[in-house]
Structures are given as structure tokens and as C-alpha cells.
Amino acid sequence: MASDAWLVVGLGNPGSEYMETRHNIGFWVIDRVAQLTNVVGFQRRFEGEFATVRTDRGLLLLLKPLTFMNRSGVAVAAAVRWYKLSLDRTLVVHDDMDLPLGTLRFRQGGSAAGHHGVESVTRELGSNGFGRLRIGIGRPTRREEGRDFVLSPFHPEERPLAERVAALAAEAVLVWHREGMTVAMNRFNGLRLSLDESALPR
């Protein structure tokens, strides 16, 4: 058991057919955090893809549940209980249709706002007090159901911005790990990326 552990979970769906969809941007962020921290590879554990890396702050745990979105909490709860984590050391990264593409929002606790993955985590943990990093994916512009929208890929003109925001989110996760939720909120919640500006941290 690791008393100095911090868990970051990216929500998404397993399988190549979902890899590029809006709903999987949480997986994208975990992969980019792994690159930034020189993680060699993931293993199968806690019903997900799991990796650990030692940092100056402690043990950083990275998890991509393979239980499909609606059962994400099964994997999260297994990791939280094994490592005896407090909820202020647990961060769930997920897509959010209520935010425009190019924005991030950290928060501690609060409602799932209809996100089935977050609902599952809340249900399995018995609490909504865990941290979240919400990543804006925008709303459908045509008559399209929300489910179809989140399970569709980014449009070609959106893809570069989606890549940039995933990279920024990975940097933001490491700020949360090193400096805490308040610092991360103050630094990232007011940012909005666009294709014609350079706002990634230097």
C-alpha cells in the first residue's frame, strides 16, 4: 500500500472503434501524462490499463478503465481501495459537452451533470468528493443526439485543437499532482485555447 500515492483516471471506452472519439479524450490525456513522465508501459490491473511512476511528490498512478464508460467506477474504486487513497488525491479526467472545445475546468466534488462515467465513479465510491478535470468537447451543431455526438470523432478542423487541449490537460494534471487543486484551478480554469494562439505552458 502506498500512503503517498496520487491517482489520475482518464475515462473512455476500450477498443479501436472508440479510440478517436470525443468520449475518449480522458484516455488521450493519460497517454500524454505517461509520455511526460517517461512511463515505459501499462499493465492490466484494476480492470483497466494501469501504470505507476515515482515523482518528487510521490507515487503517481495512471489508470484507463477497460470496463466501458458506464462501469468506470468499478475500476476506479478498486484502485482507490487498494491504495487506500483519499478523494483529494483522486482525479478523474473526462469529456464535458457543457464546455467549449479548448477549455479545461478543475473542480473538487460536485454533480455528475449527466456524465455516465462520472455517475458510475460516484456510485462505486459512495461519494462525489473526488477531483475532476473536465475537458470541453463542445456541443453538436446539428440535430444529433448527445450519445451519437460523444461517440463520434472530432471533425478534421477540430482535431488540431483537440490535440492541443489534451496536451495542455496533461500538463495541468502534473500541476495538480505537484501543487494541488487550488493552484491547478487558478492556473488553468480561465484558459481557452484556439487554433490561432499559443497558450500551452512553456
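## Buried share and overall size

Of the chain's 202 residues, 52% count as buried (under 20% relative accessible area with a 1.4 Å probe, protein chains only). Keep in mind that this is a predicted model, where local features need pLDDT of at least 70, side-chain atom pairs count only at pLDDT 80 or more, and totals for chains, interfaces and linings use all residues. Residues are numbered from 1 along each chain as its sequence is written, and side-chain values use heavy atoms, with hydrogens and water left out.

Along its principal axes, the C-alpha trace spans about 50 × 35 × 30 Å.

## Fold layout

You'll find six helices and seven strands here (DSSP runs, numbered from the N terminus: H or I of at least four residues for helices, E of at least two for strands). From the N terminus on, they run β-α-β-β-β-α-β-β-α-β-α-α-α.

## A closer look at strand 1

Strand 1 covers residues 5-10, and six of its six residues are buried, so the strand is largely enclosed by the rest of the structure. Ala5, Leu7 and Val9 point one way, while Trp6, Val8 and Gly10 point the other.

Strand 1 pairs (at least two DSSP bridges) with strand 4 (residues 59-65) in the parallel sense over five bridges. Four bridges join strand 1 to strand 5 (residues 90-96), also running parallel. Leucine 7 has bridge partners in both: leucine 61 in strand 4 and threonine 90 in strand 5.

Note on methods: Buried means under 20% relative accessible area, exposed over 50%, partly exposed in between (1.4 Å probe, protein chains only).
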